[in-house]
Amino acid sequence: KELGVDYEYRVASAHRTPAKVIEIAGEIEKQENAVIIAVVGLSNALSGMLAGISSTPVVTLPATPEDVMSSLRMPPGIAHATVLDAKNAALLAAKILALNDAGLKTRVKEFLKAQSEKTEKADEELKKN
């Protein structure tokens with residue numbers, strides 16, 4: 001929201017509703033500029049399946065620390081990015097989308113600059129004490 005990126009939430013499971021995952025991936029595949037953020041757990045079949053059936057970039061967000069290994073260990077030819085923080089997953093998605101959107105690229109740069117300024121301000125505040 002902060003970067004002005006449109007998004008939608010969908011719910012599907014590679015194990016429980018594989019046909020729905022395929023349907024959703026097909027819908028997203030038709031979009032000109034999209035990124036999938038897959039919140040996954042346990043075996044992480046979801047992001048692997050999405051990465052395997054779609055050319056759309058997939059960012060995997062494991063639901064718990066215990067679920068990280070299944071996100072990191074994908075078979076060859078199944079490429080996705082694994083990010084452990086939801087805000088960072090959104091930022092990575094925005095950076096990918098910004099490759100084809102000059103306005104979004106500017107907003108991402110402004111966001112990053114604000115992050116730097118916030119850190120610098122915190123440093124200055126600590127030096128005063």
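In this predicted model, three strands form an open sheet in the order E1-E2-E3, and their pairing is parallel. Strand E1, spanning residues 36-40, and strand E3, spanning 81-82, stand at the edges with a single partner strand each, so that one side of each is left without a neighbour in the sheet. As a general point, the strands of a sheet pair through backbone hydrogen bonds, in either a parallel or an antiparallel manner.

The pairing can be followed strand by strand. E1 and E2 run parallel and are joined by five bridges, and within this pair Ala-38 stands opposite Thr-60 of E2. Strand E2, which covers residues 58-62, is in turn joined to E3 by two bridges, again with the strands running parallel; here Val-59 has Ala-81 in E3 as its bridge partner.

Turning to the side chains, those of a regular strand alternate between the two faces of the sheet.

Helix H2, made up of residues 45-53, lies across E1 and E2 and runs at about 155 degrees to E1; together, E1, H2 and E2 make a right-handed β-α-β unit. Helix H4, made up of residues 86-97, lies across E1, E2 and E3, and its direction is at about 175 degrees to that of E2.

Key: Residues are numbered from 1 along each chain as its sequence is written. This is a predicted model: local features need pLDDT of at least 70, side-chain atom pairs count only at pLDDT 80 or more; totals for chains, interfaces and linings use all residues. Side-chain values use heavy atoms; hydrogens and water are left out. Two strands pair if DSSP finds at least two bridges between them. Helices (H or I, at least four residues) and strands (E, at least two) are DSSP runs, numbered from the N terminus. Contact means heavy atoms within 4.5 Å. Axes are lines fitted to C-alpha atoms, for helices over the stretch in contact, and angles run from 0 to 180 degrees between N-to-C directions. A crossover is right-handed if, with the strands pointing away from the viewer, the path from the first strand over the helix to the second runs clockwise.
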